[in-house]
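Thank you all for coming; I would like to take a few minutes to walk through one model, beginning with a single residue and then widening the view. Please look at the sequence and the structure as they come up.

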Amino acid sequence: MLPAMPQIHLHAEPGDYAPLVLLPGDPIRARRIAERFDGGIENARMVNENRGLHGWTGSYRGRPVSVQTTGMGTPSFSIVAEELLRLGAEQLIRVGTAGGIAPGIRTGDLVIALSACPVDGATRTYLHGDPYAPTADFALTHALYHAAQEAAIPVWVGPIASVDVFYNPDPDYTTKWRERGVLAFEMEASALFYLAARSGVQAACMLTVSDVMSEEVSSEESYLSPEELAAAVDRMIEVTLIAAPTVERLKRHPR
């Protein structure tokens with residue numbers, strides 16, 4: 001493990017973040033999560049606002065938890081995750097949105113990623129082209145799944161693909177990944193799973209399906225309204241906050 005040191009992008013010190021950190025891409029979503037902490041956002045401590053990467057630390061039902069904005073895509077995400085790991089984070093959970101591509105998947109459904117196809121440039125850079133299967137931590141994933149089941153929220157569990165291009169023009173792009181059993185596209189989880197595994201910490205990913213993609217329907221045509229998306233994301237956040245603190249943290253192995 002690398003020694004703690006001043007971080008370039010997260011202007012925080014060791015101990016500013018809880019061992020458990022939720023990772024939304026959107027700073028507005030990060031604020032919404034902090035508002036759910038014990039005592040609301042007024043009782044939470046802002047630990048970073050540099051570059052709009054807003055982060056807060058507080059507690060939920062008495063357990064320490066942080067939330068940290070990551071931005072969009074694996075390059076931005078990787079910077080944030082690397083610095084959180086250097087500051088001592090031990091459980092990282094991405095809470096974001098995804099485009100559903102599996103047959104029968106609907107907007108508002110939850111997707112819990114077992115693994116993430118590394119179709120992004122950052123993960124390929126880390127791997128130097130080596131084959132690798134970025135995979136979520138079982139204990140965290142198991143807890144998220146059962147919390148969703150108890151909340152009676154439709155949930156899909158399986159592989160996703162982390163991509164770099166939101167508006168991909170290739171006509172067969174959705175088809176070929178659907179035929180490979182991929183449930184949804186998103187833009188960060190492959191780097192999350194790789195960096196967590198490399199550092200010996202736990203990582204998981206829960207996503208709200210914001211739109212569905214098929215040969216007949218585009219993202220723009222199916223995208224949830226802002227009000228519907230906010231409600232769906234709030235359900236996902238509640239499930240994550242209930243489930244995650246119950247999972248025992250793993251001990252790190254040296255890097």
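This is a predicted model: local features need pLDDT of at least 70, side-chain atom pairs count only at pLDDT 80 or more; totals for chains, interfaces and linings use all residues.

Let me start with Val 157, which lies in strand β7, residues 155-162; helices here are DSSP runs of H or I with at least four residues, strands are runs of E with at least two, and both are numbered from the N terminus. Residues are numbered from 1 along each chain as its sequence is written, and side-chain values use heavy atoms, with hydrogens and water left out.

Leaving aside residues up to four places away in sequence, Val 157 touches Ile 112, Leu 114, Tyr 145 and Leu 183, a contact being heavy atoms within 4.5 Å. Arg 249 is 92 residues from Val 157 along the chain, and their C-alpha atoms are separated by 22 Å.

Now to strand β1, residues 20-23, which is covered on both faces, with Leu 20 and Leu 22 buried on one side and Val 21 and Leu 23 buried on the other. In a regular strand the side chains alternate between the two faces of the sheet. Strand β1 pairs in the parallel sense with β5, residues 91-100, over 4 bridges, and here two strands pair if DSSP finds at least two bridges between them. Within that pairing, Leu 22 stands opposite Ile 93 of β5. There is also a parallel pairing of β1 with β4, residues 63-68, over 2 bridges, in which Val 21 has Ser 66 as its bridge partner.

Turning to the chain as a whole, we find 8 helices and 9 strands, and buried residues make up 54% of its 255 residues. Among contacts between residues at least 6 apart in sequence, 79% join residues at least 24 apart. Finally, the C-alpha atoms fill a box of roughly 50 × 40 × 30 Å, taken along the principal axes.

Methods:
Buried means under 20% relative accessible area, exposed over 50%, partly exposed in between (1.4 Å probe, protein chains only).
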